[in-house]
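User: I would like to learn how to read the backbone and side-chain features of a protein model, one at a time. Could you take me through them, with the general idea before each case?

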Amino acid sequence: MSRGLGDVYKRQSVRIVNRKDIGSLNTVSIQVKDAVALRILGSSGKILKNGTFKKGQAVSATGMPPLRIEVSDSSRITVKYNGGTASVPVGRNVSFELPVR
């Protein structure tokens, strides 16, 4: 990665698709499909998870919503939240907030 997470683009919103049940409103689970730098923040800006994760790793964090995710390449992750899969913006150095509902 030539740029750090401090260089992420403006925040974008996402929607939840394929919702199967109510799930947990404040827990996010991320499946890493390829090496990626990732940061998960709670509503107060508290860092819940931060680091570089390898292919096959599962990352989860619980915090006060809305949760914000900053990622070096969003095509390398799958985000599960609120009982469904989040439809996240595709790109490098992406920052997005998960909806409260």
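This is a predicted model: local features need pLDDT of at least 70, side-chain atom pairs count only at pLDDT 80 or more; totals for chains, interfaces and linings use all residues.

User: Which residues does the cis peptide bond join?

Analyst: The cis bond joins proline 65 and proline 66, with omega at about 5 degrees. Proline 66 is placed in the loop between β6 and β7.

User: How should I read the fold as a whole, and how many helices and strands does the chain have?

Analyst: The chain has ten strands and zero helices, so the pattern read along the sequence, by the strand and helix runs that DSSP assigns, is β-β-β-β-β-β-β-β-β-β. Among contacts between residues at least 6 apart in sequence, 66% join residues at least 24 apart. Buried residues account for 41% of the 101 residues, while the accessible surface comes to about 5,700 Å², with 48% of that area belonging to carbon and sulfur atoms.

User: In what sense do β4 and β5 pair, parallel or antiparallel?

Analyst: β4 and strand β5 (residues 47-53) pair in the antiparallel sense, over six bridges, and glycine 51 in β5 is the bridge partner of leucine 38. The hairpin of these two strands has five residues between them, and in it glycine 45 takes a positive phi near 90 degrees.

User: How many salt bridges does a search of the whole structure find, and with which residues does glutamate 70 form them?

Analyst: The general idea is that side chains of opposite charge can pair when their charged atoms come close. The search of the whole structure finds three salt bridges. One of them joins glutamate 70 to arginine 39, with the closest N and O atoms 2.8 Å apart; this pair links distant parts of the chain, since glutamate 70 is in strand β7 (residues 68-73) and arginine 39 in strand β4 (residues 36-41), 31 residues apart. Glutamate 70 also forms a salt bridge with arginine 68, at 3.0 Å between the closest N and O atoms, and both of these residues are buried, glutamate 70 having a relative accessible area of 6%.

User: What is the N to O distance between arginine 76 and aspartate 73?

Analyst: The side chains of arginine 76 and aspartate 73 meet in a salt bridge at 3.4 Å, N to O. Arginine 76 is partly exposed, with a relative accessible area of 27%, whereas aspartate 73 is buried, at 9%. Salt bridges that share partners join Arg39, Arg68 and Glu70 into one network.

User: Which residues of the largest nonpolar core touch the most other members?

Analyst: The largest nonpolar core has 21 residues, and Val28, Ile30, Ile69, Val79, Phe96 and Leu98 touch the most other members. Strands β3 (27-32), β4, β6 (58-62), β7, β8 (77-81) and β10 (92-97) each supply at least two residues of this core.

Key: Residues are numbered from 1 along each chain as its sequence is written. Side-chain values use heavy atoms; hydrogens and water are left out. Helices (H or I, at least four residues) and strands (E, at least two) are DSSP runs, numbered from the N terminus. Buried means under 20% relative accessible area, exposed over 50%, partly exposed in between (1.4 Å probe, protein chains only). Contact means heavy atoms within 4.5 Å. Accessible areas come from the Shrake-Rupley method with a 1.4 Å probe; for residues, only the protein chains shown count as cover. A salt bridge is a side-chain nitrogen of Lys or Arg within 4 Å of a carboxyl oxygen of Asp or Glu. Two strands pair if DSSP finds at least two bridges between them. A nonpolar core is a set of buried Ala, Val, Leu, Ile, Met, Phe, Trp, Tyr and Cys residues joined through side-chain atoms within 4.5 Å.
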